[in-house]
Amino acid sequence: IRPHAINLNCMATPSGELYLSCSVCDTKYWAGHAVENGWARLRMHDTVYPVQLTRILESGELDRAWAARVKKLNSLETPGSAPPPPDAPRPDRWWTFRVEWRG
């Protein structure tokens, strides 16, 4: 196991689906591991949750997750960087993973 901390894009759809995402994910260690195994731990504040990560490949679900990300970033009062415009297309190398609790 390669212990490390990662800050990821996290977003939820209006229906409550939770997603993690990243750009150029095919170059990132954690994403390859998530595709191979899917078992992960997600820490929020002081609580650690066992979760299953599933890479999304279906275009419609990717679009829903992207729309949730764009909406979230455009709603931040002080974003870390300029958010994408509301009509921004989903980048080709943008990966997203559905997060499901394994409790």
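## Contacts along the chain

A contact here means heavy atoms within 4.5 Å. In this predicted model, 64% of the contacts with a separation of 6 or more join residues 24 or more positions apart.

## Fold and dimensions

The chain has two helices and five strands. Read from the N terminus, the order of these elements is β-β-α-β-β-α-β. The chain is as compact as a globular protein of its length, because its radius of gyration of 14 Å is close to the 13 Å that the globule rule gives for 103 residues.

The C-alpha trace of the chain spans about 40 × 30 × 25 Å along its principal axes.

## Surface and charges

Of the 103 residues in the chain, 30% are buried.

## Two residues with positive phi

Val24 is in the loop between strand S2 (18–23) and helix H1 (29–36). Its phi is near 55°, a positive value in a residue other than glycine. The relative accessibility of Val24 is 32%, so Val24 counts as partly exposed.

His45 lies in the loop that runs between strand S3 (39–44) and strand S4 (47–55). His45 is not a glycine, yet its phi is positive, at about 60°. The relative accessible area of His45 is 73%, so this residue is exposed; the cut-off for exposed is over 50%.

Notes: Residues numbered from 1 in each chain as written. Predicted model: local features only at pLDDT ≥ 70, side-chain atom pairs only at ≥ 80, totals over all residues. Heavy atoms only, no water. Helix = DSSP H or I, 4+ residues; strand = E, 2+ residues; numbered from the N terminus. Rg over C-alpha atoms; globule rule 2.2 N^0.38 Å. Buried < 20%, exposed > 50% of the residue type's maximum accessible area, 1.4 Å probe, protein only.
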